[in-house]
Amino acid sequence: MQPVSFGTSDRQLLGIYYPPEGEQPRDAAVLLCGPAPQEYMLTYWATRKLATLLARHGFPVMRFDYFGTGDSAGETEEGRPRLWVEDVGAAARELLDVSGAYALSAVGLRLGASLAALAASEGLDLEDLVLWEPVVQGSAYVDELRAIAARKYSEFLFPPDQGPGSGQLLGYQFPGSVEEETRGLDLLRTLPRARRRVVMAVSEERPLYLSLKARLEEEAARGGPALSWRHEPEEASGSLDGALLSNTILNAIASALEEA
Amino acid sequence: MRERAFVFGAHANLFGVLAEPDPSDAMAGSPAVLLANMGVNHHVGSNRLWVDLSRRLARMGFHVLRFDLSGLGDSLQRPGAHGDLERAVLDLREAMDFVSQKGGPQTFVVMGLCSGADSAHAVTVADPRVTGAVYIDGFVWRTPGFWLRYWTSRKLEAARWRRYLRRRAARQRGGPREAGEAREIYQREMPTPEQFRASLGALLGRGTAVLAIYTGGLMDYAYEGQIREMVGELSRHPLFATDYFPRADHLFTDVGEHEKLLVSLCSWMKGRAGRARAEEASA
């Protein structure tokens, strides 16, 4: 495990590089693209586990924090999807540089899946793109976060205002401009692309996942990237707890990336 | 201000980010600040609290290391068999060694939230390099004043009745849950009231400042003065300070309360730096 600092002088980003273990490193490095701030802490352990798992399987791996999130530079309210797509590109270049790999795959979790897909649509060359519990449509995602917040805050003596216009959501600054940008994300309009294959790794068959699957199957039939559908129901299916703590989906992602 | 990430420690198993002030801002003689895990959350802190605090303090002139205790966050397990607190003290001492080796101060303030206060307190007791400690929703026990309010005025607070209705409605609605909603699944090694008062008295007696902060989100803490009832005469010691955030939840989720906490911590640290300078001048 090796910390790496990259990006521009006014947008320094922190990544953690995991060198491949074993004697025969794989050809493609794997970039992990995490979710947005609201789901950052909850998914941290899962992304760390996936990084170490993939490194043990011989992949050079890097995970990183977007601008305005985690340890990277920037105030929370300065981060926004448009900048984060650029960060995916910067992280990809850094990973190829530090690992010496010639090819790159990406695993995007939740909003990170949308960001990686957008980066690919804008020219980032990916062998495989894994969409892990992807945010298919930004509007549905923001509504879901607000529903989670409403339930969570029902336990608070003084619940924070987290509605539209409050400028905050689930403990983080969430300016109206960021909400607008987030709501505009739509993988059904900007279809995920990869040189070889798009993998969907999901723990439940949500309607939006199935819509994206159908679109990707149509695309594959027209000569686009192949689609690999990995539905791995978790023990605690229906809640995020199981998806975040179990190894099942992590192993499914590792085996999908291992397939030649 | 600049930040750099390091792997450090005797076993090269600890991971942290050191925020250093610009040389022109650095305050000679002021302590460095150590921030470790809040429960099992990694060094970024809930709602990015430790990152925000690190950067603000570094801009004021302090060195700040936010890091993961061994086995948590990005830090690897420490070899050997140790109890939780024993391991945390070893980690925190290695963090102090590291900051000093990097040209930082030789004295420290350790801050901890929730169970993070346990390790902060343990190392403060164990190591004289710690000249200040901050416990946020740290040590608490129910006092006669707590029970008095529990059975009387708390029952009449409108906010509690509103919460009761919100909870009931949320349960009936169902819908998505956040993983973090699960109740804490680990046990804290809380000292007895007598043990805590004895160790606090020893710390204050040796010149270590202590700031105890509480929120309205801590179930066992009912009113602003409860800490004074808990520690008695020690609450009047000039090195002992308290602050209370009745509208904040345990993790300062509301961005306004988050900001107020940062202001409180920075203000207390400014006082610590002033005192350190005065002590240096009189030495």
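Author: The model is predicted, with an ipTM of 0.93 and a pTM of 0.92. Chain B has an average pLDDT of 90, and 94% of its residues score at least 70. An exception is the stretch 180-185 of chain B, where pLDDT stays under 50 and the model has three contacts beyond four places in sequence. Where pLDDT is low, the predicted coordinates should not be read in detail.

The sheet in chain B is open and has eight strands, ordered β1-β2-β4-β3-β5-β6-β7-β8, with mixed pairing. At its edges stand β1 (2-8) and β8 (240-245) of chain B; each has a single partner strand, so one side of each is left without a neighbour in the sheet. On average, neighbouring strands of this sheet are turned by 20 degrees against each other, direction ignored.

Within the sheet, β2 (residues 14-20) and β4 (residues 64-68) of chain B are antiparallel and joined by five bridges. Ala19(B) has Val64(B) in β4(B) as its bridge partner. Helix α1 (residues 49-60) of chain B lies across β2, β3 (32-35) and β4 of chain B, and runs at about 160 degrees to β4(B).

The axes of α1 (residues 40-56) and α8 (residues 248-258) of chain A come within 10 Å and cross at roughly 40 degrees, in a right-handed crossing. From α1(A), Lys49(A), Leu50(A), Leu53(A) and Leu54(A) meet Leu250(A), Ile253(A), Ala254(A) and Leu257(A) of α8(A). By class, this contact has seven nonpolar residues, no polar and one charged.

How values were computed. Residues are numbered from 1 along each chain as its sequence is written. Chains are lettered from A and ligands numbered from 1 in the order in which they are written. This is a predicted model: local features need pLDDT of at least 70, side-chain atom pairs count only at pLDDT 80 or more; totals for chains, interfaces and linings use all residues. pLDDT is the predictor's confidence in each residue, from 0 to 100. Two residues are in contact if their C-beta atoms, placed from the backbone, lie within 7 Å. Two strands pair if DSSP finds at least two bridges between them. Helices (H or I, at least four residues) and strands (E, at least two) are DSSP runs, numbered from the N terminus. Axes are lines fitted to C-alpha atoms, for helices over the stretch in contact, and angles run from 0 to 180 degrees between N-to-C directions. A crossing is left-handed if the near helix is turned anticlockwise from the far one by less than a right angle, and right-handed if clockwise. Ala, Val, Leu, Ile, Met, Phe, Trp, Tyr, Cys and Pro count as nonpolar, Asp, Glu, Lys and Arg as charged, and the others, Gly among them, as polar.
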